[in-house]
Amino acid sequence: MQENEASFFKFCPNCGMQNLTYTNNFKLHCSDCDFVLYHNIASAVAVIFTFEDKILFTVRNVDPDKGKLDLPGGFIDPNETAEEAACREIQEELGLEITSSNLKYSTTAPNNYLYKTVPYRTMDIFYECELKTDAISINAKDEIKDLIWIKRSEIDLDKIGFVSIRNVISSYYLHS
């Protein structure tokens, strides 16, 4: 394997040999057994809850980016639509019952998610959901340390953990 390429794969998952090449940061190939693994993009959702001129941020209680600001959401499960995943994640994390009709599509943004030395690339799908109250509580305390409503004019992008969220908040929500 070439230096700086997929160093998280030391051995072929099929034959256990080390004669690996990693092409274009997503295709792993074993020259010994001809095994190919495509490290494709994972899909995730995030919900931008708004109330008046504020946006709801979570404070991550786990790595990656523990202690940084995040948005409620998570990975899309197999056989699940993005809207179903958003509703499920919000129920799991905040205990809120929302439906896909509550979600307004915002945009997508690529992201990097380093989990236990494996760099997952994701395509994050963002939805907006306007709330009539800012009284929200944490349901998943293992994942979320705190909830913080921040006025758009007071958002500090450097405190946001993931690049996709920083880019979307900066592009669509700071100057609205």
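**Salt bridges and their surroundings**

Guide: Seven salt bridges are found when the whole structure is searched, a salt bridge being a side-chain nitrogen of Lys or Arg within 4 Å of a carboxyl oxygen of Asp or Glu. The model is a predicted one, in which local features need pLDDT of at least 70 and side-chain atom pairs count only at pLDDT 80 or more, whereas totals for chains, interfaces and linings use all residues. Residue numbers start from 1 along each chain as its sequence is written, and side-chain values rest on heavy atoms, with hydrogens and water left out.

As background, the protein chain has two helices and ten strands; these are DSSP runs numbered from the N terminus, with helices (H or I) of at least four residues and strands (E) of at least two. Their order from the N terminus is β-β-β-β-β-β-β-α-β-β-β-α. Of the 176 residues in the chain, 43% are buried; buried means under 20% relative accessible area, exposed over 50%, and partly exposed in between, with a 1.4 Å probe and protein chains only.

One of the bridges joins the side chains of aspartate 53 and arginine 152, at 3.6 Å from N to O. Because aspartate 53 belongs to the loop between E4 and E5, and arginine 152 to the loop between E10 and helix H2 (163-173), this pair ties together parts that are 99 residues apart in sequence. Aspartate 53 counts as partly exposed because its relative accessible area is 38%, while arginine 152 is buried, at 13%.

Another bridge, 2.8 Å from N to O, is made by the side chains of aspartate 70 and arginine 60. Here the pair links distant parts of the chain, ten residues apart: aspartate 70 is in strand E6 (residues 69-70) and arginine 60 in strand E5. Aspartate 70 is classed as buried because its relative accessibility is 8%, and arginine 60 is likewise buried, at 9%. The residues of strand E5 are 54-60. Neighbours up to four places away in sequence aside, arginine 60 touches Asp65, Lys66, Gly67, Lys68, Asp70, Tyr113, Glu143, Lys145 and Phe162, where contact means heavy atoms within 4.5 Å.

A further bridge lies within a single helix. The side chains of glutamate 92 and arginine 88 meet at 3.3 Å, N to O, and both residues are in helix H1, four residues apart, or about one turn of the helix. Glutamate 92 is partly exposed because its relative accessibility is 38%. Through salt bridges that share partners, Asp77, Glu80, Arg88, Glu89 and Glu92 are joined into one network.

With residues up to four places away in sequence left out, glutamate 80 touches Phe75, Ala85 and Arg88.

Alanine 82, in helix H1, is buried because its relative accessible area is 14%. Beyond four places in sequence, alanine 82 touches Val45, Ile76, Ile125 and Tyr127. The largest nonpolar core has 22 residues, and Phe49, Leu94 and Leu103 have the most contacts inside it; a nonpolar core is a set of buried Ala, Val, Leu, Ile, Met, Phe, Trp, Tyr and Cys residues joined through side-chain atoms within 4.5 Å. At least two residues of this core come from each of strand E4 (42-51), H1, strand E9 (118-130) and strand E10 (144-151). H1 gives the largest share, six residues. A second, separate core has 18 residues, including Ala46, Leu69, Tyr113 and Phe162. In soluble globular proteins, nonpolar side chains tend to be buried together.

Two residues of this second core, Tyr113 and Phe162, are also among the contacts of arginine 60. Leucine 103, in turn, has contacts beyond four places in sequence that include Val47, Glu83, Ala86 and Cys87.
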